[in-house]
Amino acid sequence: MRIVLLGAPGAGKGTIAKLLTDYDGSVQISTGDILRGAVKAQTELGKKAQGYMERGELVPDDLIMEIMEARLKEPDCEKGFILDGFPRTIPQAEALKKLLEKLNLKLDKVINLDVPKDVILDRLTTRRTCSNPDCQEIYNIKSKPPTPDGKCLKCGSPVVQRADETVEAITKRLETYNEKTAPLIEYYEKEGLLKTISSLSSEEIVEKIKESIKQ
Ligand code: AMP
């Protein structure tokens with residue numbers, strides 16, 4: 001499948017993307033995960049992105065498009081891809097359209113995960129993430145805790161609260177989402193690609209996505 005997952009921070013994009021990769025071998029491409037890996041490794045990209053990320057702002061479109069152009073050309077994308085956290089702005093969506101045309105590829109669907117604001121706030125403040133850049137498994141201190149001493153159940157690395165999950169950064173990320181990313185809902189509606197899903201259970205969401213792709 002070739003899909004985009006749209007939704008506010010905390011809507012569950014990463015969790016759903018990981019579940020979908022088990023379905024047909026499509027790869028999850030999360031610009032947030034790629035950027036966090038680059039920040040941890042202190043690469044040139046990481047150094048440029050770090051400040052924006054810590055403030056809860058978006059990283060400039062040209063940097064993001066450089067990452068995505070290189071990533072979508074990698075051979076593992078041939079089976080399909082699940083774009084998680086990209087595009088985040090109208091210029092990114094327009095650049096993605098051009099890039100896919102160049103690569104002779106088409107999106108199957110854009111899935112908009114519609115989750116109430118109170119659920120989002122609760123999820124973001126209780127979310128924890130594996131600190132290993134190659135794992136980045138997502139935990140929740142209430143519903144999916146790591147080991148009692150705070151280690152990842154998959155790889156054993158420490159599970160941490162992300163630097164951008166303080167109340168200030170979360171508030172800023174939600175504002176950024178409303179201002180810059182929410183307009184993509186109308187953009188993809190007009191493109192005839194949008195499917196909005198309002199369920200809360202991950203299993204139900206995954207089933208609905210599979211159905212909508214078969215149509
Ligand atoms: P995420 O893990 O998707 O919530 O992303 C974490 C942070 O990485 C965001 O708050 C942005 O600072 C940055 N980021 C991730 N994806 C993008 C994108 N497509 N465009 C701009 N910034 C991004």
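This is a predicted model: local features need pLDDT of at least 70, side-chain atom pairs count only at pLDDT 80 or more; totals for chains, interfaces and linings use all residues.
Q: What's the mean pLDDT of the chain?
A: The mean is 93, and 100% of the residues reach 70 or more; pLDDT is the predictor's confidence in each residue, from 0 to 100.

Q: Which elements have the lowest and highest mean pLDDT?
A: Helix α6 (residues 117-126) has the lowest at 87, and helix α8 (residues 183-190) the highest at 98. Helices here are DSSP runs of H or I with at least four residues, strands are E runs of at least two, and both are numbered from the N terminus.

Q: OK, packing. How do α1 and α9 cross?
A: The axes of α1 (residues 13-24) and α9 (residues 202-214) come within 10 Å and cross at roughly 55°. Axes are lines fitted to C-alpha atoms, for helices over the stretch in contact, with angles from 0 to 180 degrees between N-to-C directions. The pair is therefore oblique; under 35 degrees counts as roughly parallel, over 145 as roughly antiparallel, 65 to 115 as roughly perpendicular and the rest as oblique.

Q: Which residues make that contact?
A: From α1, Thr15, Ile16, Leu19, Leu20 and Tyr23; from α9, Ser202, Ile205, Val206, Ile209, Lys210 and Lys214. Contact means heavy atoms within 4.5 Å. By class, there are seven nonpolar, two polar and two charged residues (Ala, Val, Leu, Ile, Met, Phe, Trp, Tyr, Cys and Pro are nonpolar, Asp, Glu, Lys and Arg charged, the others, Gly among them, polar).

Q: And what about α2 and α3?
A: The axes of α2 (residues 31-41) and α3 (residues 44-55) come within 8 Å and cross at roughly 115°. That makes α2 roughly perpendicular to α3. Residues in the contact include Leu35 and Arg36 of α2 and Met53 of α3.

Q: Switching topic: what's the strand order in the β6-β5-β7 sheet's pairing, parallel or antiparallel?
A: Three strands form an open sheet in the order β6-β5-β7, with antiparallel pairing; two strands pair if DSSP finds at least two bridges between them. The edge strands are β6 (138-140) and β7 (159-160).

Q: How many bridges join β5 to β6?
A: Three, with β5 covering residues 127-130. Arg128 has Tyr139 in β6 as its bridge partner.

Conventions
Residues are numbered from 1 along each chain as its sequence is written. Side-chain values use heavy atoms; hydrogens and water are left out.
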